[in-house]
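I opened this model to look up a few local features and the overall build. My notes follow in the order I took them.

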Amino acid sequence: MEKIKMYSLLKIKIQDIIKSDYHLSIDDDSKKKYQIKLPESLLFQQLNIVRGHDSKLINEFIFVEAKRNKDREDKLIKLLRDGFTCNDKKYIRYGKSPSQGKDGITTFIQEEFYRELTERSKLGLEIEKCVISKYESYRSLIFSSCHIVNEDLPNIVIVDEYEKLIPNQKIRCAEVKEFEQVDKNTGESKKYKNRVIVEDTTNISISPFDGFGLHTKEISTLLRNAVSEKCESILFQIRMPFMKGVTIEFNFKDYLKNELKVDKITDVFGKVHNVDDIDCLWNTTMWKGYSYFKKEYGDNGWIKYIESVNKYGYKLGVSKYNHYKDELKLYSRMNFQYLQCLDLLNSKYVDKYKKHDFDYDILDESNHGKIINLAKYSTNLIENIVNGDKLYALKFLGIHNTGNLDEITSNYEKAILINDAMLDDISVKKMLKRRINKTIDMMKYGKIYVKGYYHTVVGDIIGYLEFCANKTVKGCLKKEQFLAKTLPLGKVASMRSPLVDASEVNIVDLIENEFINKWFSHFQDHDVVMINMYDLTMQQQGGMDMDGDTILLTDNDIVIKSKIKLPIVVDMEDKKGADPETYDTENIIKYELNSRDNRIGEITNIATSILNHYTENPKWKKINEDNIAMLRLYQGKEIDFLKTGFRWHMTKNLSKYKDKLPHFLLYNYPNKMKRYKKIKEINKSLENEDKINTDSFNSPTPLNELCEYICQWERKKLKMNNSVKNSQKLLTNNSLELNDKRIIRKISSVYTEFTEKLRECDEDNINELYVEYGDKLNALKNETQSLPTDDFINYCIKTAYRSMGIDKSLCWYLFGDEMINNLKNNSTITKELKIVECDENDTDGKEFLGRYYKFVGAEVDVE
């Protein structure tokens, strides 16, 4: 894949702006601390047009991070209202995307560019009143990273949204009920209202084509060329101003003319178009500007929109695209959200817990339940790597082809390929061990492999074309049927994150027939799934739409048979949002203050706490079941909050669960795990009544069983070969005289100090530590100006490998390219090997994530 253009700009925390009294001064060296890289976008394209040239360094925008903090709210209001200066340039608030809102980030722009780029982001429309959260999220669609299609816009026809009723659906939903409570002290009766979960049978309205449209084969070629010469995609997520959605290739011209006998299409404004002239057949669920342009220009709304897009020089953008099966791993990781919503309970493990059976052997095959059997593929994979299999190690590191170093970004991985003796290098071995340990820790909280992978969702294309042609809308898929030409036909489980309630696990049939094979042959081996329009799949799977949402499809038998049957949870107020307000500074500030956080993780953790509180009490089972259903509704509101401006506030009854995590989940939070271990150690010396609460609990749930199993398996069955070799001679330029002990001592002092600091450093701050000690070595280089740069670098490499106790990661971070060059020159023999995919029956083949691979090649001398 061709690399997308990257740009650098500053991201600054509000604390730094406050400390400077809103007048920052940042020199070039300090900028490294704040600099971030971002891919190209329509916003950056517009900036290039306005300033008259392209530049990889963007000074005109600054991202300001200001997460929700009541103590700093007055400072944030001042910032939003008045802006700040940076290096004598005034910056004022420009906007933010929904993803920025979740991270508490707002984009500021140099004042001199504000008027022009704001007008361009609005396409010249002046908005007096709107739902600010929704309008701002639509206006900021140009912030999205994307490949720019530097061609004229295709001929796009916009049709209306289609909605239909699904009758007599048994669901669970929230209902507000009135309750009465008697004060124990006064005897006074008070009434209050609260939401409760109820079951109902009702008709549900769906929008089965929400977020997707169609394009011709020629447009696929156009979009592929913009992405990469190697791209074979048929589905693309597109971006334009006020435009967001997925477009998928289909021969709609032939289908409309030959099957539906239609040669003209009427758009949403009543204008008629010849089918042969249409390149893209999209709809108002993709065009977020429909209501604004219709209100301003009436039936000429689309014409005026295209005129504005062309006036300001916008192009079509591609933000995501589907992949061909050959590019994908055929196994994907599950997660704790998916696993805890399956029936994986092991009665033997429950009995062990209830009886406090300390002799219970969780590694004994006879004790293994469904979740451990599900995990065995992952544990076997790790065992192969730990046992020293080079092919498994290389595939684990993500190497596709050992003959093409240019495609590999990691110098550690390049080193292994140049000379496999580097597998025993202390730093390479640490890197591999670190990755293995991280993978094992992830397995402890549910990251285990199953066969299957994620697919991008589209609606029933035949039904869509029937709607466009003003025919009876029937579609080609029936209830509980999907079309995906990637997995075997038959039952599959479909899951989507974030998953809260067991009813969100969807079991469907993958089907084919003669009609489907005729019209959908181009779907073959593409990670695309078409869903039906006769059930509540969209509501069931997290309220998804088709503007780029993906779902995991797996045909794993354990997963399919572990489905828990419960009525689907449906939000009967999913259209509810904030009221329109005057689009002015004060209301924008109010919107900014209200949209600076993301509670999705908090809701998931509360659900996880409840789901892992094991009980056999029917009353508490029902309470927990209803609480989880309610949290599913909370999650839906939260996901849409930055667009709708409407969220539910967590009740105290549910909020109390957030600080008490099941034991397995500690492995997902290293700082919480450190605190847990520290408290456990302290508690050893305390009496029971004095013991400190660990804010963690254990229970015989499947995920705690998995965690215990992985811990025991790691301790008793994994034996890592810790023998290492010193690679100093391989990694140093041996033609240089590097014997100045004074220089070696000074470099060694920096490395020793770095090694000590590294032991205390959090993973999130490692790059800052590398920069800090890189600067120290650079200062040392400046003290020895008479020494050639190449000599100083090799002194640093030699010194790093003088002692096994010195951490060598700083050396690899700073001088990795030089080390690789030295390694090439010092390796007299290499195995010029390639990893190739082979047939399952090949005796030399080894299976890795669903595919079979082997080495081919021979030893050759390196000149």
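I started at Pro-498, which sits in the loop between β24 (490–495) and β25 (506–510). Helices (H or I, at least four residues) and strands (E, at least two) are DSSP runs, numbered from the N terminus. I then checked the peptide bond between Ser-497 and Pro-498 and found it cis, with omega about -10 degrees.

Before going on, I noted the ground rules. The model is predicted: local features need pLDDT of at least 70, side-chain atom pairs count only at pLDDT 80 or more, and totals for chains, interfaces and linings use all residues. Residues are numbered from 1 along each chain as its sequence is written, and side-chain values use heavy atoms, with hydrogens and water left out.

Next, backbone angles. Asn-470 is not a glycine, yet its phi is positive, about 60 degrees. I placed Asn-470 in the loop between α18 (461–468) and β23 (481–483). Asn-470 counts as exposed because its relative accessibility is 72%. For these classes, buried means under 20% relative accessible area, exposed over 50%, and partly exposed in between (1.4 Å probe, protein chains only). Asp-525 also came up, with a positive phi near 65 degrees. Asp-525 lies in the loop between α19 (514–519) and β26 (528–531).

Then His-147. I found His-147 in strand β9 (residues 147–149). Is His-147 buried or exposed? His-147 is buried, because its relative accessibility is 9%. I also took a C-alpha distance: His-147 and Ile-238 are 91 residues apart along the chain and separated by 9.4 Å.

I turned to Lys-13 and Asp-27. Lys-13 belongs to strand β1 (residues 6–13). Lys-13 has a relative accessible area of 43%, so I listed Lys-13 as partly exposed. Asp-27 is in the loop between β2 (23–24) and α2 (28–34). At 45% relative accessibility, Asp-27 is partly exposed.

Last, the whole chain. How many helices and strands does the protein chain have? I read 32 helices and 34 strands. Of the 863 residues, 53% count as buried. The C-alpha atoms fill a box of roughly 85 × 75 × 70 Å along the principal axes. The radius of gyration is 30 Å, which agrees with a compact globule of 863 residues, because that would have a value near 29 Å. The radius is taken over C-alpha atoms, and the globule rule is 2.2 Å times the number of residues to the power 0.38.
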